[in-house]
Every structure is written in structure tokens, then in C-alpha cells.
Amino acid sequence: MSAPNALFSETILLLGGAVVAAPIFKKLGLGTVLGYLAAGIVIGPVFHGITDGEQILNVAELGVVFLLFIIGLELKPSRLWQMRRDIFGLGTAQVVVTGLALTALAWFSQVLDWRGSIVAGFGLALSSTAFAMQILEGDGDVNTKYGQRSFSMLLFQDLAIVPLLALITILDGGRGSNAPLLGFAVAIGAVAAMIVMGRYLLTPLFQIIARTGAREAMIAAALFVVMGSASLMQLAGLSMAMGAFLSGVMLAESSYRHELEADIEPFRGVLLAIFFIAVGLSLELDVLADNVLFVILTVPIVMAVKAIIIYGLCRISGSPHDDAIRIAFLLPQGGEFGFVLFTTAGAAGLMSTSAASLLVAIVTLTMALTPIGSALSKRLLHGDEHEELDEDFEGAGADVLMVGFSRFGQIAAQILLAGGRSVTVIDFSADRIRQASSFGFRIYFGDGARKDVLRSAGIERAKIVLVCTQKKELTDKVVELVQADYPHTRLYVRSYDRLHSIELRNKGVDYELRETLESGLLFGRRTLEALGVPEVDAYEIGEDIRKRDEARLVLQVSEGLQAGRDMLFSHPVRPEPLVKPKRAADAFEDDPLAGTADATADA
């Protein structure tokens, strides 16, 4: 079979395994991650449908990269700074204490020498970012206190890969005393370069692309930024996931955050699923069979030691019992960076290749058991509290979500802000975003007619959605999307004209308003006052017209456009001077061009 055909058939197997396994395991309450692992084991080690699991794992690691990018988008630098104690305090303590404890166990097992024991101990101390974050996302716990604390430890573990790789060089006798220092300096320089580029280049780049209106270019730019930053970090000796995370953090305050998250999400989901399947593909059953007793003893011991240490450190650092239990059962597994460490150590001669393969198999099994352990941890909780952290990025997740920041929306937003209400605003015009930013407004770039963008902007937490778009077709599309997927959300809609108001009422929106109604009423009142009509009389006339207009709309919704013609005025009311109208004159449509092309062009 040719290489292209082999690639095609392997892709079908991977996608088919995901399609079959994920729903079954989800239905059984075991989680999709365990389903993907099982699919990989069946496809690879059991039936040998795919034999190059490690190569697929290398490609599928992009799923972890995209996951870290999306996490970075949700963490502003200010939030990251607030987490510094957990990252560098709790994270450091976890890696050091767990690493030393597992090093001692590896040494007493007499399977490895002291150098190999150090590598094994600290390699097993690392946890899997992909597994832990997938479980947190599946449970909706990313923004809980325990979720944030778990992520802080995972983030430090990603940073720790650099000194741990340098440690292998030192244990191997070193290839020059400056090598570790040089690698550290290069890593620091790469991080600094990422920060500078993220601050001064990324947002202008997306502004330029957004102005062109090319959707595919926007998606390509998002993928380019994620993969480019990941590659830069890899060249500097850091993890690819760290590079993607940093680029996400740099864009966390950008108006394009929600659009980028929506563009990346499909790639992240598919590649992360393939990553978990590839982990199952890489499991060496023959290695496990040859060392079955050792594995049966080692896997639970490693997970128990990590869980006990993590629980203790979390309690010492102030976590309540329930949070400490959740974290301890979430992070007891080995991580994907352990694969890198053990493979590198085997190549450097610090341990045999068979020992490295055995450690990789142990890490894989701890990953496979993590979803089960996380589910069982709920039996050890004292309470059922589920405390959410307040979102730290401005606007998103507010009670009010506004789609479209047109002149109409800008005025409505002023009323809401003056009333002390926060508003999340999304708009698809790069120029409007730039102009609004110059006046201090915080709005996000995104297409409000896309479900993924609405979800990223916090529609699930919004009580009211304001649709203030300028085009009738776009307004209808947003209304239909919200009503179909979020039926309990109230809809307040700006209508295009009278016909559009009738259509919106027929669709059952909670409130609609023609943009020109209020301004036209006020304009007429001021004109009457200029002609000598007392202000009170002009106001009463305006209110009467408002009531008549509403009554006509109610009739037109049920009886058709011609209903309520007798409520219109086509000639001045007698006697002079003008007073509050007492009767209806000859009827005529208040908008003679209603429903015509001229009306559409003029609305």
C-alpha cells in the first residue's frame, strides 16, 4: 500500500475509533478520555491496525499545543501574576518533594542506578496537562479554585522540563560546563522574544487581516501564530505547549480573543482526541507482559505517593479538604513530558532502553487510570460545593451580551453602563473595534452569527442577548441561532423596519424596537414646539402616536400589514390650535413605502 493510501486508511481508523469509543464511554460515565485510550489500545497493540503510534503521537501533540493556547487566551497577564504563588510556590514544592520521594523508591527497587533513579523519580513527578485539563473542561471546573490551582502546578511542570533536560546532561557527565547555562539563557531569551512579539506584533497583525474580511486568512493566521510560537519555544529547548500558552496569554486582552478561540477550537478537539488515541497506540503490551508483577505493584504505588504528597501540600497551602482531594486525584498520573525525559535518558545511557520503555508503559497506565480515579474521588468529598472563580477578563461572561456595536448599540450600552451593568460586546468590524477602543470601550472581535463565538463570549451565562446588528439578514440569523440553541435566553432585538418588527414578533422575541421610532417621535415633538405648540401638548401628542403605533403593530402581527389603517393620520387634526388628538382622520399607511425596495434602501 502506498504511503498516501496508508495515511488515508490510518486517518479513517483514528477518526472511526474516536467516533465509536467516545460516545460509548461517555454513556457509561467513564469519560471520553478513557474511551480514546481504549480505542488506541484496540486499534494498535491488540489488532495491529496501526503500528507507528509514536509518529502519530508526535503529530497529535499539536492537540496539547492548541489546548494550552486556548487556556492562555483565558488568562490575562494580571491573572497570571495573581497565580504566581501557586505556580512558583506550590508548583515548585510539588515537583521537588514528589521527585525526591519517587527517586528514593526507584533507588530502593534496585532496578536503576542512582542516576537513572533521579531521572525516573523527577520524570514520574510530572503530570499530564492534556489529561488533567480535559477532565477539568469536561466537568466545567477550569475556573474553580481547585481547577486554577491544578493548572498552576501543571504550568510549573511545563517550565520544569528545561532544568530536568539540563539535569540529564549533567548526570551524563556534561558536554561542556556552559551547556546547561547556555540552554537556560536561550530559553529566557525565547520567552522574552515571545512577550515582545505578542505585545507589539500580534494584535496589529489581526487588525490588518480582519479589515480584509477574509475568514480563511483569519483562521490561517491563528494557526500560524499557535504553531509558530510553539516551534520557537521548541527550538529554545522549552515545550511547544509553553510557547502556545505564552502566545495565548499575550492575546488574552485582545479584542480578537473570542474569534481566535472559536477558530482554534475544532482543531484542538480533534487533535487532542487523536493524542489520547495515540497514547493507547504507543502502549507496549509485550513490555507489560514481561514485567506484569512489577507493573501491578509500581503503578498504584506511584499514583498513591503522588496523590498523598499533592494532598498534603495543598492542605498546607490553604486548600480545603474537598479541593485538595480533587487535585490529588486529578494529578497522580505521569505526563507526556515523561516520555521525552525517559527517551532522552535512554539515549544518553543513564538507563537501558528496556527500562525506558517500561517507564513509558507505566506512565501510560497511570494516564489510563486517571479518569477512573477522578470519578472515584467524589466519594471522598465532605460536601458538594462547586465554587466558581470570578472571571478576570473584562466584559466576557456578563449578564448582558450585545451582538453588534453599531450607533444603536453604542447608545443602548451607555444606558446599561450608567446603570451599573457590565456588558460583553462582540462585533465583526475591525475598524469599529479600533475606533471604540480609542474611546475606552472594551469590545471583542467575533462573528455573532457563529455559535462557537457566542459560547466563547459567555452566552451561557448571559441573562439577556441584545442583537444590535445593522443588517436584517444578519439579525435574523443571530435570533434564530440563539432561539435554537439557547431557548431560555431573553432576546432584545433592534429591528430594521416595520415589516421586520412584525416578523420578529412572529418569531417570539422578548422585545423589539425600530431604531427610527424613538428618534422620529422626538424629532416631530421638537418641530411642533418650534411651531409654538406647548411642550406638554407636544409630549402628549407624541405619546398618543406611540400608543397608536404599538396598537397597530399588535393588529398587524395577527391580521396582516393592512390592519389598523384607521389609526393613522394623513391630514392635520382640527380645530386649531393643535391639541391632543380626539379622533382619527382619513387613514393612510404611516410609511407609504413600507415593504418596498425604496423603504428598504432608506431604512
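Me: Which helix contributes the largest share of the nonpolar patch?

Reply: In this predicted model, helix α14, residues 292-316, supplies five residues, the largest share of the nonpolar patch. The patch lies on the surface and consists of L105, V292, L293, I296, L297 and I301, which together have about 570 Å² of accessible area.

Me: What is the general idea behind a salt bridge, and how many salt bridges are counted here?

Reply: Side chains of opposite charge can pair when their charged atoms come close. The criterion is a Lys or Arg side-chain nitrogen within 4 Å of an Asp or Glu carboxyl oxygen. By this rule there are 16 salt bridges.

Me: Which helix holds E543 and R546?

Reply: E543 and R546 are in helix α24, residues 535-559, three residues apart, or about one turn of the helix. Their side chains form a salt bridge with an N to O distance of 2.9 Å. R546 is partly exposed, at 27% relative accessible area.

Me: Are E512 and R505 buried or partly exposed?

Reply: Burial means under 20% relative accessible area. E512, at 7%, is therefore buried, whereas R505, at 26%, is partly exposed. The two side chains meet in a salt bridge at 2.7 Å, N to O.

Me: Which residues are linked in a network of salt bridges?

Reply: The network links K472, D476, E480, E503 and K507.

Me: Let us turn to a loop residue. Where does T489 lie, and what does T489 touch?

Reply: T489 is in the loop that runs between α21 (472-485) and β5 (490-495). With a relative accessible area of 12%, T489 is buried. Leaving aside residues up to four places away in sequence, T489 touches I459, A462, K463, I464, V465, V482 and D510.

Conventions: Residues are numbered from 1 along each chain as its sequence is written. This is a predicted model: local features need pLDDT of at least 70, side-chain atom pairs count only at pLDDT 80 or more; totals for chains, interfaces and linings use all residues. Side-chain values use heavy atoms; hydrogens and water are left out. Buried means under 20% relative accessible area, exposed over 50%, partly exposed in between (1.4 Å probe, protein chains only). Helices (H or I, at least four residues) and strands (E, at least two) are DSSP runs, numbered from the N terminus. Contact means heavy atoms within 4.5 Å. Patches are made of residues with over 30% relative accessible area and no salt bridge: like charges are joined within 9 Å, nonpolar side chains (Val, Leu, Ile, Met, Phe, Trp, Tyr) within 5 Å. Accessible areas come from the Shrake-Rupley method with a 1.4 Å probe; for residues, only the protein chains shown count as cover.
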